[in-house]
Amino acid sequence: MTNMGAETAEVGSHPSSVKELANEALTKVPERYVRPDIDPPILSDTHSLPQIPVIDLTKLLLKGPELDNLDLACKQWGFFQVINHGISMEVVEDVKRGAEELFNLSMEEKKKLWQKPGDMEGFGQIVEKPKDEASDWVDGFYILTLPSHSRNPHLFPNLPQPFRENLEVYCNEMRELAMKMYAVIGEALGIGPKEIQESLGEPGQAIKINYYPPCPQPESVLGLKPHTDASALTILLQGNEVEGLQVKKDGTWVPVQPLPNAFMVFLGDVLEVVTNAIYRSIEHRAVVNSWKERFTIATFSGPEWNGNIGPAPSLVTPQTPPLFKTIDVVDFYQGYLSPQHRGKSFINNVLRIHHHNLKG
Ligand SMILES: O=C(O)CCC(=O)C(=O)O
Ligand SMILES: [Fe+2]
């Protein structure tokens, strides 16, 4: 079982779709979606919104001051938008169109691509949660994409065309982009371009499409509850023009306005471990609205599925001892997903090493 998204399949779940529910023209959402306790975001009075970092990859590859911007973005936010990333508009538009078509398939067709019991891939309500916790207002589609031998032989080959081909192109472009990001993150950390990737091995990759239907009571539900991603990096593509992502900065929810032709990049828990907590994963959530559906395509890049993760060797010194244990990736995902550890509590409570006599 491997899942780098925050959510996990409800094992043996029967097909139930928020999109179908939203089609019923309800005036109220069913009780199981209602959350009484949603912290409001800060007002979108643009003067008071903290400025979300924007990183220009083309400048970054020339090094210089853009590396300092990246370093600050990774330390202060664990989140940024990346522009001039070199991925063609055509590749992006094709995968968006394919994702939209996938969610517009009939339920009959979708059922053929539904999660099987005990499986996480395919369509489904991708939440295994304590019974007393509300459901997210979202339909998901989750698939392991790279390396290609990790693919489920019953899923990838059965994707409708041209989406299958578009996804193939897209996931390889995302792999290249993640590799470039690992190199520049290593430069920003001062450990050189290779070490992050060496710590991860051949990166495992999974893609999740999130489809948030319009909701009659948007203020009472969340599209995705607050979480950090388990990945090393998550590269998020906004599918249409509808906003809904919020990131938590200094205890406040900040709405994100996606830039045109940009990707949003989140640092995940794996990168927090690999960087020995110099960089931090960021908590985020998705809200929904009453007028239009929203969809996003999240690419999770993480460690080699059969490898292990721990702080990068060059970041561990007598002055900066390891802050996390090294652990098998399989055990990492299992711990991350186990109901008693919600999200980041696994790295904080289980992997964290406490040093009592640290000087300086
Ligand atoms: O849809 C979004 O804006 C956020 C998606 C996300 O956080 C995820 O898939 O892990
Ligand atoms: Fe996420």
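**Close-up views of a predicted model**

**View 1. Ala25, an exposed residue with a positive phi.** Ala25 is exposed, because 6 other C-beta atoms lie within 10 Å of its own (with C-beta atoms placed from the backbone, a residue is exposed if 12 or fewer others lie within 10 Å, buried if 20 or more do, and partly exposed in between). Its phi is near 50°, a positive value in a residue other than glycine, and Ala25 is found in the loop between helix H1 (18–22) and strand E1 (54–56); helices (H or I, at least four residues) and strands (E, at least two) are DSSP runs, numbered from the N terminus. This is a predicted model, in which local features need pLDDT of at least 70 and side-chain atom pairs count only at pLDDT 80 or more, whereas totals for chains, interfaces and linings use all residues. Residues are numbered from 1 along each chain as its sequence is written, while chains are lettered from A and ligands numbered from 1 in the order in which they are written.

**View 2. Asn261, in the loop between E9 and strand E10 (263–267).** Asn261 is not a glycine, yet its phi is positive, at about 55°. Asn261 is exposed, with 12 other C-beta atoms within 10 Å.

**View 3. The shell around ligand 1.** Ligand 1 is surrounded by 13 residues, of which the closest are Asn210, Leu245, Ala286, Thr296 and Ala298 (a residue is near a molecule if its C-beta atom, placed from the backbone, lies within 6 Å of it). Two or more residues of this shell come from each of strand E5 (204–212), strand E11 (284–286) and strand E12 (294–302). By class, the shell divides into six nonpolar, five polar and two charged residues, where Ala, Val, Leu, Ile, Met, Phe, Trp, Tyr, Cys and Pro count as nonpolar, Asp, Glu, Lys and Arg as charged, and the others, Gly among them, as polar.

**View 4. An open sheet of four strands.** The strands follow the order E6-E11-E8-E9 with antiparallel pairing, two strands being paired if DSSP finds at least two bridges between them. Strand E6 (224–227) and strand E9 (252–255) stand at the edges with a single partner strand each, so one side of each is left without a neighbour in the sheet. Four bridges join strand E8 (residues 245–249) to E9, and Gln246 has Pro255 in E9 as its bridge partner.

View 5. One joins Leu146 and Pro147, with omega about -5°, and Pro147 lies between strand E4 (139–146) and helix H6 (163–189). Another joins Gln161 and Pro162, with omega about 5°, and Pro162 is likewise found in the loop between E4 and H6.
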